[in-house]
Amino acid sequence: MKTNAAILWEYGSNWTVEEIDLDPPGDGEVLVSWEATGLCHSDEHIRTGDLPAPLPLIGGHEGAGIVREVGAGVVGLAPGDHVVASFLPACGRCRFCSTGHQNLCDLGAMIMAGTQLDGTYRRHHANGQDIGVMALVGTFSQYGTVPEASIVKIDDDIPLSRACLLGCGVTTGWGSAVNTADVQPGDTVVVIGFGGIGSGAVQGARLAGAEKIVVVEPVEQKREKAIQLGATHFVTSLPEATALVAELTRGVMADSAILTVGLLEGAMLEDAANIIRKGGAVVMTALSTMADSSPTLGMMMFTLFQKRLLGSLYGEANPRADIPRLLSLYREGKLLLDETVTHEYKLAEVNEGYEDMREGRNIRGVILHDH
């Protein structure tokens with residue numbers, strides 16, 4: 001079949017929307033009509049080259065849609081099912097899936113390859129050549145043929161324009177607070193960077209019972225939204241945050257600091273480590289460039305003050321369990337998704353959406369596919 005998709009042909013260039021040929025689903029695959037997709041910063045990292053991927057590539061990894069056809073061997077999905085794409089697949093059989101760490105599934109090694117799980121490009125073609133897809137799903141396309149391992153079934157009453165955000169950003173931010181930082185009732189939490197993932201981290205900290213949630217974000221216009229989603233304090237710089245946290249905690253400092261900036265730089269680690277208490281945690285969720293291997297960090301404090309530096313992939317979430325759980329919280333009004341969406345776009349406006357993100361005008365942008 002033919003469908004439209006946003007393709008990145010060269011690093012640093014814009015996404016181009018054009019018609020592609022899409023093969024039917026093979027063994028263990030499903031055909032999905034993507035109804036909505038989030039504009040996540042990870043696709044911007046690919047565009048700039050900070051996160052290298054084989055090009056050309058169909059972007060998008062935060063998708064929600066409807067199953068239209070299933071291939072041989074698919075047992076958990078049927079045409080008409082409403083689904084969310086998980087940017088990390090979960091096979092359910094490897095060591096990590098079987099021990100409750102689906103975010104570390106062995107199939108995750110394929111998400112930046114651009115191919116399908118069998119290593120071929122057989123499903124997407126344009127201009128006479130094979131086209132890769134982001135994170136096995138390529139949700140910047142009206143239709144996609146994707147592995148069943150990347151698909152999570154959800155209830156039909158959830159708006160797909162909001163459910164798509166659970167495919168990466170919200171779940172990653174929420175899990176960074178709830179799982180990796182292990183926020184406890186009464187904690188003081190610092191969230192550094194208030195975009196798609198940072199807004200999820202604020203809500204995760206709020207839902208976990210944090211008493212004080214300090215957002216550090218240089219864009220002053222985001223203050224009102226941060227407070228609406230659960231922040232108790234908002235500052236525009238780390239030095240300001242450090243002084244505020246010292247005052248709020250009588251010098252004890254924060255229980256955790258979660259780094260959710262657009263691009264992580266090495267010097268940020270020591271600033272974050274200085275804002276946490278003895279035994280506290282710095283959570284690295286933001287991406288750096290692949291070439292950045294020179295963090296600035298006073299190592300002695302980690303021994304003498306027992307501080308912890310933790311990485312967080314997908315917020316340590318188990319997507320098959322956590323995506324439906326978070327959508328239940330949304331249904332109950334506890335997880336705010338409508339409030340995070342700043343603007344909705346058509347697929348042809350994908351570059352405008354990313355410009356709005358780069359300029360700090362969006363918390364979350366969402367593409368609504370036109371079928």
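**Burial, pairing and a pocket in a predicted model**

Me: Which residues of α1 are buried?
Reply: In this predicted model, the buried residues of α1 are Ser42, Asp43, Glu44, His45, Ile46 and Arg47.

Me: Why is helix α1 called largely enclosed?
Reply: Buried means under 20% relative accessible area. Six of the eight residues in α1, which spans 41–48, are buried, so the rest of the structure largely encloses this helix.

Me: What covers the buried residues of α1?
Reply: The cover includes β1 (2–8), β4 (57–58) and α11 (350–358).

Me: What follows α1?
Reply: Gly49 does, and its phi is positive, near 90°.

Me: Why does His124 count as buried?
Reply: The cut-off for buried is under 20% relative accessible area. His124 has 3% relative accessibility, so it counts as buried. His124 lies in strand β7 (residues 124–126).

Me: Which residues does His124 touch, not counting residues up to four places away in sequence?
Reply: Contact means heavy atoms within 4.5 Å. Among the residues His124 touches on that basis are Ile20, Asp21, Leu22, Ile58, Gln116 and Thr145.

Me: How far is His124 from Ala291 in space, C-alpha to C-alpha?
Reply: His124 and Ala291 are 30 Å apart in space, and 167 residues apart in sequence.

Me: What is the strand order of the open sheet of six strands?
Reply: The order is β14-β13-β12-β15-β16-β17, with parallel pairing.

Me: What makes β14 and β17 edge strands?
Reply: β14 (233–235) and β17 (308–311) each have a single partner strand, so one side of each has no neighbour in the sheet. On average, neighbouring strands of this sheet are turned by 20° against each other, direction ignored.

Me: How do you know that β15 and β16 pair?
Reply: Pairing takes at least two bridges. β15 (residues 254–259) and β16 (residues 276–284) have five, in the parallel sense. In one of them, Ala254 has Ile276 in β16 as its partner.

Me: Which strands does helix α7 touch as it packs on the sheet?
Reply: Helix α7 (residues 238–248) touches β12 (188–192), β13 (212–216), β14 and β15. The direction of α7 makes about 165° with that of β13.

Me: What is the volume of the second largest pocket, and which lining residues are closest to its centre?
Reply: The volume is about 240 Å³. Of the 15 lining residues, Gly28, Arg93, Leu117, Glu148 and Ala149 are closest to the centre.

Me: How does the lining of the second largest pocket divide?
Reply: The lining has six nonpolar, two polar and seven charged residues.

Definitions and conventions. Residues are numbered from 1 along each chain as its sequence is written. This is a predicted model: local features need pLDDT of at least 70, side-chain atom pairs count only at pLDDT 80 or more; totals for chains, interfaces and linings use all residues. Side-chain values use heavy atoms; hydrogens and water are left out. Buried means under 20% relative accessible area, exposed over 50%, partly exposed in between (1.4 Å probe, protein chains only). Helices (H or I, at least four residues) and strands (E, at least two) are DSSP runs, numbered from the N terminus. Axes are lines fitted to C-alpha atoms, for helices over the stretch in contact, and angles run from 0 to 180 degrees between N-to-C directions. On a 1 Å grid over the protein atoms alone, a cavity is a set of points where a 1.4 Å probe fits but cannot get out, and a pocket is an open set with protein on both sides within 12 Å along at least five of seven lines; lining residues have an atom within 4 Å of a point. Grid points are joined across faces, edges and corners, and a volume is the space filled by probe spheres set on the points. Ala, Val, Leu, Ile, Met, Phe, Trp, Tyr, Cys and Pro count as nonpolar, Asp, Glu, Lys and Arg as charged, and the others, Gly among them, as polar.
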